[in-house]
Amino acid sequence: MATNINAEALKESPIPDAIAPQPQQSKQTVDPYNVSGEIGEDGVMKAIDYKKLVEEFGTKLIDDELLARFERLTGKRPHHFLRRGIVFSHRDFEIILDRYERGEPFFLYTGRGPSSDSVHVGHTIPFEFTKWLQDAFDVPLVIMMTDDEKYLFSEKRSIREVQGYCNSNAKDIIAIGFDPKKTFIFSDYQFMGGAFYENVTRLSKHITLNQARAIFGFDGSTNIGKIHFGAIQGASSWASSFPHIFGDNEKETVAIPCLIPCAIDQDPYFRMTRDVSARLNYEGTKYAKPSLIHSSFLPALQGPGTKMSASIDESAIFMRDTPNQIKNKINKYAFSGGKVSQEEHRAEGGNTEVDVAYQYLKFFLEDDEELEKIKVSYEKGDLLTGEIKAICIKHLQEYVAAFQERRAKVDDEAVKLFMQTRPLSWVGNPNPTRT
Ligand code: ATP
């Protein structure tokens, strides 16, 4: 359960406050508003302990058997995020595989809270992975832009500002390479109403203030928009919110589940939604619970105890950054797992577990063999901090440059197309085993 969440902590804070140990937050905290590792006795923040999160949240680790089944069914080698444990945990992913095997419908749902005019490299993780899943399963995808959330949860942003970010972030998302025939992007401010709003109220009616407090840590001073927001994020996991995609036969659509690829901080919203889904039925047909597949966080430049965040400029490499900005940020801020002196480093080697340059390579360098060579060499002390940073800079510059090339081609017309309320077309499993 999410703990230690305090409305005050939501205020944008400069990097030293966000990274520095908070006096009463010595425990690991991971929820939609805070991500920070445990503070050790030495006062240093530790890396996020993902195994502990799986135990606390009651999710399941993704194991080799599940990956083998995925490969058998889709004919696709698991993505390197899956092979390397970056996407590491799930809720009911087996149910999605069962449905794929039988050729039964399901959909993908993910989202973005437009908090700044550009996404950062960490945000591309769930989107890259979602695109890969969409290619593997050939199913519809809905992408929610929580512009309302980014207004409600900020002391500073205006509604017009978040709407502007929504438009530019939608372009960033389209530049990942989604197929408009299968993808619907929507802004909460624009899409609210109709079947979606019916589901928002259906969900909010089944959540008490006490439950919202326990799940999200709200207190008496929390604005009521924040308290209600969970129902909006949750309602998009029901297919009946999208009659233009799934039709308006509610008896059928309530039974269509979704798979949500997201970082694990979003899990509390869907734990709540799963709980409500289990209590609802439409004329005897049960509501499907959303399934989830969780990724770990691309760390902030300052270290693996927290996540890269768009609200904290110095923590992030943005997808609009120039090659020089990327180079300077990595050289200046990227936390090093290397030793203080070159002699010591050569003798004892570096720590890849905490080294931010190595951690980024784990996300962005696809070649398993090359990554392993870098790891061995850095841990032996052959490869120096400056050298591993240079490798990281090169790969990130390439990744961002390729993105910027695609992004330059995304215009307002493309945004209009993706955000238009319209039917989608997809095939799903071409060779289902009907039982
Ligand atoms: P902000 O933009 O204010 O920093 P945020 O980082 O939570 O907020 P969202 O837009 O709310 O960003 O999240 C969109 C998706 O990206 C969610 O699935 C979220 O968990 C994921 N995400 C955000 N930051 C990272 C990160 N550093 N690494 C991996 N996934 C991330």
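**View 1. Strands and residues in the shell around the ligand.** Strand E5 (107-112) and strand E8 (258-263) each contribute at least two residues to the shell around the ligand; strands (E, at least two residues) and helices (H or I, at least four) are DSSP runs, numbered from the N terminus. This is a predicted model, in which local features need pLDDT of at least 70 and side-chain atom pairs pLDDT 80 or more, while totals for chains, interfaces and linings use all residues. Residues are numbered from 1 along each chain as its sequence is written, and side-chain values use heavy atoms, without hydrogens and water. The shell has seven nonpolar, ten polar and four charged residues; Asp, Glu, Lys and Arg count as charged, Ala, Val, Leu, Ile, Met, Phe, Trp, Tyr, Cys and Pro as nonpolar, and the others, Gly among them, as polar.

**View 2. Asp92 and its positive phi****.** Most residues other than glycine have a negative phi. Asp92 is not a glycine, yet its phi is about 55°. Asp92 sits in the loop between strand E4 (87-91) and helix H5 (93-102).

**View 3. Glu283 in a loop between two strands****.** Glu283 also has a positive phi, of about 45°. The loop joins strand E9 (281-282) and strand E10 (285-286).
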